[in-house]
Amino acid sequence: MKTVFAAEGNIITSLGYTAEENFSAMEQGNSGIQKFSNPKFLSFPFHASLVDDRKLSEKFSTLSTNQNYTRLEQLFILSIADVIEKSGVDLSNEKTLLIISTTKGNINLLEEQNYGIFPEKRLLLFEMAKEVACYFGMKNSPLVVSNACISGVLAIITAQRLIRSGQYENVIVSGGDLVSEFTLSGFNSFKALSDEPCKPYDAARKGITLGEGCGTLLLTSNENLLHNNEKKIKVAGGSVSNDANHISGPSRTGEELALAVNNAINEAQCANAIDFISAHGTATTFNDEMEAKAFSVAGLQNVSLNSMKGFFGHTLGAAGIIESVIALETMKKNTMISSLGFENSGVSMPLNIIRQTEKKEINTSLKTASGFGGCNAALVFSV
Amino acid sequence: MDELIAKLKTQIIEQLNLEGVSPDDISPDDQLFGEGLGLDSIDALELIVLLEKNYGIKIENPAEGKKIFATIRSMAEYITSKGKA
Amino acid sequence: MRHKHCVSTKMKINITNYCSIHNNQIKLNGETLLVKEKQVPFNEFIKSTYDLNASPYMKFFKMDDLCKLAFLASEFLLKNKNLAEQYGSSTISLLFANTSSSLDTDINYYNTVKDFPSPSLFVYTLPNIMLGEISIRNKFKGENAFFVFEQFQADFLCNYATQLIAEKKAKAVIIGWVELLNDNQEAFLSLAEESENGTELIAENLERLYISNH
């Protein structure tokens, strides 16, 4: 079995175009969530974390003048380009693979204002992925993961498995999703949208805030692709489970998320206990409650934990990757970010939620996610 | 009220795709959720859509729905109380 | 995608059961269970298939077409089996893929948006809801994954399933290809587990079974 390392990462959200920009904004407690009025999206004002259109066009034009990329494809290309440039990963290597994680891909092409601008086939997730892979002239066809809100974490787990078994040496995992009329109206029909910036685990939480963005992480068995002056972090364990309870309501007990967490920790075989948890924390009543129960079942109720949704909202298929890249920065910089929006506990089991950004040696961290369809995923990073 | 109850039964069966259930199978006082008709949280959201679509009544807080959607009779009473029957 | 290096295992992992639904025909282990003429609409065919299955399941009628297709194939695939009891809930894994994700339902949902957005359609705008429905029905709590491919990828699916069993992450894996867009519907489910019976789980065999039931 090969050892799998987490190398270069990138994040594009309303907070910035690199992992560093995002992390430093979060360190300062800045949130990218704002109130928007856009009748094309929703008939009433809503909170969201949106990537500025003008800035995106500007950034993309520095890479390419080709107008044939959709908004989401531009995000993917910018995010992946940053990782390629900073890591020097060899794209012509037939042992390099691209995994794209997304829930809805170019779904905004269905919307009236975008209709007819791009070929209809770009609604197909693999067609979108092919465009992105083609831009970089990648040898292998990309793999697409679409598994609701665990997509990003599952994509990293899949990459880890493909490298561990020797099928690939480098896997670039990139996750992206947009805020659109489609997703906003859907979550609104679920009465799940908060009318203020989301407040994960808080007693006064009112639901989710959607966000858009892209996150990219390079996984590799090649130690030469790691920076010498940084911690060497392994993607040590990963696991997925299903609640087998309800397609939209999470488990009543949290046992299934706990199962994935325990399996991931067992696979990681790390000598140290978990120092830090980057949880899912969507700020819906039932999700946060389920997670609190799960961490108690897994005996992790005392571990420092945050949800990053208060900074850039729920970025759906990008969330698992964006939040993993932040968790890796947390380990490299030994700085745990406060869980924005949290004041008073609103879950029935104790959690050690980070109230203030603090310095602490972090050598092992856990990333979790849960989603519609009853899916749960857990990932362990360790030095 | 009886007329409204009969109409609601048909609308609910259609909106919630209750295959094989006929209006006569549902008594106005049967519990819609849990033991009774066995509806779930997504059905509750669809009932909110039903009220808005057919009766112009908006329910913003799903928690409110619990009482309103207890039985067909409670739904009918709620619609009547809003003057929308 | 190239997957030249197969994950090796000393155990014998076989495909012990497979079920397909295509062109108004449902087959279990290659034998036809039901066939309807081409002009019979999909809804009607799927209802007849449901009626063929002895155990009623009210939730079936709330599912979108993609889930109905996956669910029925799984019902026949797992008939007379109780994998959760045999192996334990947490050891049954679902590994599914298709070409169009949930695009068919995405379009149906989007058609409701301008009017009254339907929550019961929105929830099905994710392809992995199929895995959720099958998990709920059978109490499967193990590994889940949903991938999107241009076409059926026997080598990838085979390697992934083999790795899950070889690394003891699963004792049984249901490998599913369930595709639905416009007038094209197809489901091909196979059950892989350690067994003396069945066909060895290798890409060539999975591909052959897929094609012969296509």
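Which residue of E3(A) is the bridge partner of A:Lys35? In E3(A), that partner is A:His47. The model is a predicted one, so to speak of local features takes a pLDDT of at least 70 and side-chain atom pairs count only at pLDDT 80 or more, while totals for chains, interfaces and linings use all residues. Residues are numbered from 1 along each chain as its sequence is written, with chains lettered from A and ligands numbered from 1 in the order in which they are written.

Back to that pair of strands. E2(A) and E3(A), the latter covering residues 46–49, pair in the antiparallel sense over 3 bridges; strands here are DSSP runs of at least two residues (E), helices are runs of at least four (H or I), and both are numbered from the N terminus. Pairing itself asks for at least two DSSP bridges between the strands. The two belong to an open sheet of 3 strands in chain A, ordered E2-E3-E7 and mixed in its pairing. Strands E2 (34–36) and E7 (210–211) of chain A sit at the edges with a single partner strand each, so one side of each has no neighbour in the sheet.

Most residues other than glycine have a negative phi. A:Ala148, however, has a positive phi, near 55 degrees, and lies in the loop between strand E5 (143–145) and helix H5 (151–164) of chain A. A:Ala148 is buried, with 26 other C-beta atoms within 10 Å; the cut-off for buried is 20 or more such atoms within 10 Å of the residue's own, against 12 or fewer for exposed and anything in between for partly exposed, with C-beta atoms placed from the backbone. For A:Ala244, phi is again positive, at about 50 degrees. This residue is in the loop between strand E9 (234–242) and helix H7 (255–268) of chain A, and A:Ala244 is buried too, with 23 other C-beta atoms within 10 Å.

Over in chain C, there are 8 helices and 8 strands, and buried residues account for 56% of the 214 residues. A compact globule of 214 residues would have a radius of gyration near 17 Å, and the 17 Å of chain C agrees with that; the radius is taken over C-alpha atoms, and the globule rule is 2.2 Å times the number of residues to the power 0.38. The C-alpha trace of chain C spans about 55 × 35 × 35 Å along its principal axes.

Strand E5 (residues 144–148) of chain C is mostly covered, with 5 of its 5 residues buried. On one side of E5(C) are C:Asn144, C:Phe146 and C:Val148, on the other C:Ala145 and C:Phe147. E5(C) runs parallel to strand E4 (residues 92–98) of chain C, joined by 5 bridges, and C:Phe96 stands opposite C:Phe146. E5(C) also reaches across to chain A: E5(A) and E5(C) pair in the antiparallel sense over 2 bridges, with C:Phe147 as the bridge partner of A:Val145.

As for chain B, 9 of its residues are in contact with 8 residues of chain C, contact being C-beta atoms, placed from the backbone, within 7 Å.

Technical notes: Two residues are in contact if their C-beta atoms, placed from the backbone, lie within 7 Å.
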